[in-house]
Amino acid sequence: MSSSQTKRPLQSLKSRALKGDIRVPGDKSISHRSLMFGGLAIGETKITGLLEGEDVLATAEAMRKLGATVNRDNDGTWHVTGVGVGALREPDSVIDMGNAGTGIRLMAGIVATHPITTFFTGDASLCKRPMGRVADPLAEFGAQFITRERGRPPMAVIGTDEAKPVTYTLPMASAQVKSAVLLAGLNTAGTTTVIEPKPSRDHTERMLRHFGVDVDVSINDDGGRTVSLTGPVEMKAADIVVPTDPSSAAFPLVAALINPESQVTIRDVCLNPLRTGLITTLIEMGGDITIANEREEAGETIGDLVVSGKNRLTGIVVPAERAPSMIDEYPVLAVAAAYAQGETRMCGLEELRVKESDRLAAVAAGLAANGIIHRIEGDDLIVTGGDVPGGGMVETHLDHRIAMSFLVLGLGANDPVAVDDANPIATSFPSFEALMRELGANLAPAGS
């Protein structure tokens, strides 16, 4: 979202039981990668189910500027004709990644080992986010980075044509940093290795294999993983069916659980085991969630979520080791915790401080604005659930997940819950309002 765009306050009000059968948009992580990998492969990749949110459309435009041919049919099918690893062209203008943190970090990895200079920028939110966590390991390949103070975009990446393979140990589990390093390794002679302390999302590894790249993954003695590939590689075009995004499914999922007598089915959800932490947690809290029609598609597990609001949730302790599998879902989990009986402790949330906003602070502020008892202890968020007063205005900080999470909060609150700006929702879930209304959610403009 442009920082100059007029804010659009939106509120949610107590709603009847939610009912319906829906399909949320395609998975954002897989959508980004399908465009990038298609652009690096030889031949034409056909993509169906692509998320057409602003973040992913920014990645599509970035790949065009780097030389790939990217087109969309009227029926929503996308076609990407790649240039091959090592053959990206230097963009003739700045690449604007909008709000796409995944997009800019993975793109930095791709261009770092191509002998081109690439300039990246983004919206007001993205330009506050630190890029040092990818710039530091990518500099070890030989790339150079120029950023604003504290490593913030706009960012120039001066790629190298003499890349040296890297073995990099992640300071904390991060699929974005891991992926950036692996993507730099695609055009590097020798073996590139990433060692992660905890397993993070593995969409990159799975999709690289789908495009013909040999990726080696081993489990370490401490439970972490070592991931390596040997370059330079040749990627071959491979069609992709994008499953729906579990991070987007999280909103109607929680909404159904907190509204008694709700019955909602969410179709074709990506059930990659490194993405299902929220589902595991909600089931532990007593949520009535079943998985139907489970199957495999392009290396990913897919299924339908059948959700009922017949059970009252109960507070639990959510272990820190689960964080990488649900890092984007903590804001909406905090909403579920507000309705749960007793106390919910979410442990090890340090990664939330460097998302689209400081999500830990933003969630705490939103809870406070709506009368919900909570506290932060170190990197843990503790929420005491029960009756939800509501009545507050939540500052979103241009963060789509904060906006959607607190709109879900209002669906069962005593008084309406408003967010100061619903525009950022379009970055990941353009159909959010329409789908939620289809289920029976009461959403309306807020204020003047």
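# Sheets, aromatic pairs and helix packing

User: What is the order of the strands in the open sheet with β10 in it?
Analyst: The model is predicted, with local features needing pLDDT of at least 70 and side-chain atom pairs counting only at pLDDT 80 or more, while totals for chains, interfaces and linings use all residues. Residues are numbered from 1 along each chain as its sequence is written, and side-chain values use heavy atoms, without hydrogens and water. Strands (E, at least two residues) and helices (H or I, at least four) are DSSP runs numbered from the N terminus, and two strands pair if DSSP finds at least two bridges between them. This open sheet has four strands and mixed pairing, in the order β10-β11-β13-β12.

User: Which strands stand at the edges of this sheet?
Analyst: An edge strand here has a single partner strand, so one side of it is left without a neighbour in the sheet. On average, neighbouring strands of this sheet are turned by 15° against each other, direction ignored. The edge strands are β10 (167-169) and β12 (215-219).

User: Which residue of β11 is the bridge partner of Tyr168?
Analyst: β10 and β11 (residues 190-196) run parallel and are joined by three bridges. In β11, the partner of Tyr168 is Val194.

User: In the open sheet that holds β4, which residue of β5 is the bridge partner of Gly43?
Analyst: This sheet of four strands has mixed pairing and the order β4-β5-β3-β14. Its edges are β4 (69-72) and β14 (240-241), each with a single partner strand, so one side of each lacks a neighbour in the sheet. Six bridges join β3 (residues 42-48) to β5 (residues 78-83), and these two strands run antiparallel. The partner of Gly43 in β5 is Gly82.

User: Why is the pair of Phe37 and Phe211 classed as it is?
Analyst: The structure holds three aromatic pairs, where rings of Phe, Tyr and Trp (its six-membered ring) pair if their centres lie within 6.5 Å, and planes under 30 degrees apart count as stacked, over 60 as edge-to-face and the rest as tilted. The ring centres of Phe37 and Phe211 are 6.0 Å apart and the planes stand at 85°, so the pair is edge-to-face.

User: How many residues apart in sequence are the parts that Phe37 and Phe211 tie together?
Analyst: Phe37 has 0% relative accessibility and counts as buried, as does Phe211 at 1%; buried means under 20% relative accessible area, exposed over 50% and partly exposed in between (1.4 Å probe, protein chains only). Phe37 lies in helix α1 (residues 28-40), and Phe211 in the loop between α6 (203-210) and β12. The parts are apart in sequence by 174 residues.

User: Which residues form one aromatic cluster?
Analyst: The rings of Phe251 and Phe432 have centres 6.2 Å apart and planes at 85°, so this pair is edge-to-face. Phe251 lies in α7 (residues 246-258) and Phe432 in α12 (residues 432-439), and both residues are buried. The cluster consists of Phe251, Phe429 and Phe432.

User: At what angle do α1 and α6 pack?
Analyst: The contact (heavy atoms within 4.5 Å) includes Phe37 of α1 and Met207 of α6. Axes are lines fitted to C-alpha atoms over the stretch in contact, with angles from 0 to 180 degrees between N-to-C directions. The axes lie 10 Å apart, and the angle is about 40°.

User: How many of the residues of helix α5 are buried?
Analyst: Helix α5 covers residues 175-185 and is largely enclosed by the rest of the structure. Its buried residues include Lys178 and Leu182.
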